[in-house]
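Okay, thanks for having me.

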Amino acid sequence: MAIRKYVGALAVGSLVGVAALGLRSQAAAPGKSQATSVTKAIAQLIPTTKTQSTVKGTVTFTKTEHGMHVSGEITGLTPGEHGFHVHDYGQWSEDGMATGGHFNPTGAPHASHDSSKRHVGDMGNIKADDSGKAVVELDDDQMTFEGPTSILGRGLVVHAKADDLKSQPSGDAGGRLAVAIIGVAKP
Ligand code: CU
Ligand code: ZN
């Protein structure tokens with residue numbers, strides 16, 4: 001009986017070994033790596049209905065050597081600055097409140113995007129021109145696609161007012177005009 005148990009354990013052990021080898025070779029195989037390592041994410045902003053917003057747009061997040069490049073175009077804004085953040089939850093709702101607060105996995109205070117101690121989700125403001133269009137082009141060194149600071153599946157929010165970059169906990173940026181869910185993009 002004892003011997004049979006021992007043989008059984010050996011069999012299970014070698015099975016696990018084979019499975020681990022299989023995983024390793026899969027990860028190393030070219031073409032399969034896209035499934036395990038995300039290099040690009042996309043967020044499609046949908047206007048919130050309670051605010052009667054017409055704000056929409058597409059924002060992409062692309063992994064770079066030093067972090068992330070954020071790029072996009074947002075329309076339907078009033079001219080001027082609007083708070084722009086990653087929030088905790090990737091859920092649209094008619095007032096945008098389902099996204100929760102600013103994404104803050106490091107327990108930092110709310111601050112400007114160029115501050116070293118800030119919410120990971122703090123991207124400051126976007127600035128709309130007279131036609132209501134804002135172009136986003138910024139580099140980030142805190143957001144990632146893996147680990148505790150991963151922004152995948154979280155919410156992207158455009159606000160009615162400017163983020164003052166200091167009021168706690170969220171820069172007094174007012175209502176939420178559009179919400180997107182940050183998802184994995186085709187590289
Ligand atoms: Cu926000
Ligand atoms: Zn913040």
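So, what does the chain average in pLDDT? For anyone new to it, pLDDT is the predictor's confidence in each residue, from 0 to 100. The chain averages 88, and 81% of the residues score at least 70.

Housekeeping, quickly. This is a predicted model, where local features need pLDDT of at least 70 and side-chain atom pairs count only at pLDDT 80 or more, while totals for chains, interfaces and linings use all residues. Residues are numbered from 1 along each chain as its sequence is written, and chains are lettered from A and ligands numbered from 1 in the order in which they are written.

By contact I mean two residues whose C-beta atoms, placed from the backbone, lie within 7 Å.

Now the layout. What do we have in the way of helices and strands? There's one helix and eight strands, and from the N terminus on they run α-β-β-β-β-β-β-β-β. Taking the contacts with a separation of 6 or more, 61% are between residues 24 or more positions apart.

Let's follow the pairing, where two strands pair if DSSP finds at least two bridges between them. E1 (40-47) and E2 (56-64) pair antiparallel over six bridges, and there you'll find Ala43 standing opposite Val59 in E2. In the loop between E1 and E2 sits Gln52, which has a positive phi, near 55 degrees, without being a glycine. Most residues other than glycine have a negative phi, and most peptide bonds are trans. Gln52 counts as exposed, because 8 other C-beta atoms lie within 10 Å. The cut-offs there: 20 or more other C-beta atoms within 10 Å makes a residue buried, 12 or fewer makes it exposed, and in between is partly exposed, with C-beta atoms placed from the backbone.

Moving along, E2 and E3 (67-75) are joined by a hairpin through two residues. They pair antiparallel as well, over nine bridges. Two pairs to look for: Phe61 is opposite Val70 in E3, and Thr58 is opposite Glu73 in E3. E3 then runs antiparallel to E6 (residues 134-140), with seven bridges between them, and Ser71 faces Glu137 in E6.

On to the inside. Buried residues are 32% of the 187 in the chain. In soluble globular proteins, nonpolar side chains tend to be buried together. A nonpolar core here is a set of buried Ala, Val, Leu, Ile, Met, Phe, Trp, Tyr and Cys residues joined through C-beta atoms within 7 Å. Which residues touch the most other members of the largest one? Out of its 30 residues, they're Ala43, Leu45, Leu156, Val158, Ala180 and Ile182. E1, E2, E3, E4, E5, E7 and E8 each supply at least two residues of this core, and E8 gives the most, with six.

Let's zoom in on Ile182. Beyond four places in sequence, the contacts of Ile182 include Ala41, Ala43, Phe61, Val86, Ile151 and Leu156.

Now the loop between E4 and E5, which holds Met97 and Gly100. Met97 is partly exposed because there are 16 C-beta neighbours inside 10 Å. Its C-alpha is 7.5 Å from that of Arg176, 79 residues away along the chain. Gly100 is partly exposed too, because it has 14 such neighbours inside 10 Å. Beyond four places in sequence, Gly100 is in contact with His87, Asp88 and Tyr89. From Gly100 to Val86, C-alpha to C-alpha, is 9.9 Å.

Last stop, the loop between E7 and E8. Pro169 is in this loop, and the peptide bond from Gln168 to Pro169 is cis, with omega near 0 degrees. Asp172 lies in this loop as well, with a positive phi of about 50 degrees although it isn't a glycine. With 16 other C-beta atoms within 10 Å, Asp172 comes out as partly exposed.

That's my tour, so over to you.

Methods:
Helix = DSSP H or I, 4+ residues; strand = E, 2+ residues; numbered from the N terminus.
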